[in-house]
Structure formats: structure tokens, C-alpha cells
Amino acid sequence: MDCIFCMIRDGKIPSNKVFENDYVLAFNDVNPQAPVHILVIPKIHVESCDKINAENADYVKEIFLAIPQIAAKAGLDKGYRVITNCGEHGCQSVKHLHFHIIGGTQLAEKMC
């Protein structure tokens, strides 16, 4: 499999990990869009939101349980944004489900 996030998960590509448990890996984005930009991935390969199902939903649940912990550790006490992109028109560049935690500054209200 040529999935860059699976290679990061497996330690084949180095990353700056900020959180890890049995279900979730979070690391700093190499191309940050804000002072804090963390990617959160499931430790199993799920292509996108469209591929979430009963068999992998526990991983997604664990991501959302981890996000507040990750944000708190990153000092995002004034707020943050959680984003995922899905498919071509959603600008999903890596075909592995992932969530962006973005913050550390006042974000623009408009996203488009």
C-alpha cells in the first residue's frame, strides 16, 4: 500500500507525534495552515468519511474522544477548528481518513 499515513503509522516515515493510543495517531502537519495544525488519523486504513461503517466506527469514535485531549495539550483553550476533507471536490489529498485540528490564532469565519 502506498498510503503515506499508513507509512507514518508504521514508522516508515518520521513524524512529530503529539498523541497516540491503540486506535489513534496524531502528528503535526508538515505544511501547517495555522500556528497549530495537527493531523489525527485512525490506526487502520479507512479511505474517507464515505467509507466509515459499523466495522471501523470505533476508530472514528476514538478520534473524537482524543481530539479534546490533543487540543488541550496543544494549548488551544480559546478554541480550534476540526476539519476533514472527503473526495475530489472536498480536496482530499491523502486517501486515508484524517481530521485537521487547526488553531492557535483567530481563524477566519468564512472558509471558502
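Q: Is Lys 17 buried, exposed or partly exposed?
A: In this predicted model, Lys 17 is partly exposed, with a relative accessible area of 42%.

Q: Which residue forms a salt bridge with Lys 17?
A: That would be Glu 20. The closest N and O atoms of the two are 3.3 Å apart. Glu 20 is partly exposed too, at a relative accessible area of 40%.

Q: And how far apart are the closest N and O atoms of Lys 43 and Glu 20?
A: They are 2.7 Å apart, and the two residues form a salt bridge. This pair links distant parts of the chain: Glu 20 sits in strand E1, Lys 43 in the loop between strand E3 and H2, and they are 23 residues apart. With shared partners, the salt bridges join Lys 17, Glu 20 and Lys 43 into one network.

Q: Why does Lys 43 count as partly exposed?
A: Its relative accessibility is 21%, and buried means under 20% while exposed means over 50%, so Lys 43 falls in between.

Q: How many salt bridges does a search of the whole structure find?
A: Three. One of them is formed by Arg 9 and Asp 10, with the closest N and O atoms 2.8 Å apart. Arg 9 is partly exposed at 23%, and Asp 10 is partly exposed at 42%.

Q: Let's switch to rings. How many aromatic pairs are there in the whole structure?
A: The search finds three aromatic pairs. One of them is Phe 5 with Phe 27, an edge-to-face pair at 5.7 Å centre to centre and 70 degrees between the planes. Phe 5 belongs to helix H1 and Phe 27 to strand E2, 22 residues apart, so the pair links distant parts of the chain.

Q: Are Phe 5 and Phe 27 buried or exposed?
A: Both Phe 5 and Phe 27 are buried.

Q: What about Phe 64 and Phe 99, what kind of aromatic pair do they form?
A: An edge-to-face one, with 5.0 Å centre to centre and 75 degrees between the planes. Phe 64 lies in helix H2 and Phe 99 in strand E5, 35 residues apart. Phe 99 is buried, with a relative accessible area of 5%, whereas Phe 64 is partly exposed at 42%.

Q: Which residues make a nonpolar surface patch with Phe 64?
A: Tyr 80 and Val 82 do, and the patch made by these three residues is about 250 Å².

Q: New topic: what's the volume of the largest pocket?
A: It is about 300 Å³. Of the 18 residues that line this pocket, the closest to its centre are Phe 5, Phe 27, Asp 29, Val 30 and Leu 39.

Q: Which element gives the most to that lining?
A: H1, with three residues. H1 and E2 each supply at least two residues of the lining.

Q: I also spotted Cys 91. Where is it found?
A: Cys 91 is in the loop between strand E4 and strand E5. The residue is exposed, with a relative accessible area of 58%.

Q: What is the phi of Cys 91 near?
A: It is near 65 degrees, a positive value in a residue other than glycine. Most residues other than glycine have a negative phi.

Q: Last one: how far apart are the C-alpha atoms of Lys 73 and Gly 87?
A: They are separated by 30 Å, with the two residues 14 apart along the chain. Lys 73 is found in helix H2, and this lysine is exposed at a relative accessible area of 67%.

Notes: Residues numbered from 1 in each chain as written. Predicted model: local features only at pLDDT ≥ 70, side-chain atom pairs only at ≥ 80, totals over all residues. Heavy atoms only, no water. Helix = DSSP H or I, 4+ residues; strand = E, 2+ residues; numbered from the N terminus. Buried < 20%, exposed > 50% of the residue type's maximum accessible area, 1.4 Å probe, protein only. Phe/Tyr/Trp six-rings, centres within 6.5 Å; stacked < 30°, edge-to-face > 60°. Patch = residues over 30% accessible without salt bridge, like charges linked within 9 Å, V, L, I, M, F, W, Y side chains within 5 Å. Areas by Shrake-Rupley, 256 points an atom, 1.4 Å probe, with all protein chains shown as cover. Salt bridge = Lys/Arg side-chain N within 4 Å of Asp/Glu carboxyl O. 1 Å grid on protein atoms, 1.4 Å probe; cavity = no way out; pocket = protein on both sides within 12 Å on 5 of 7 lines; lining within 4 Å. Points joined across faces, edges and corners; volume = space filled by probe spheres on them.
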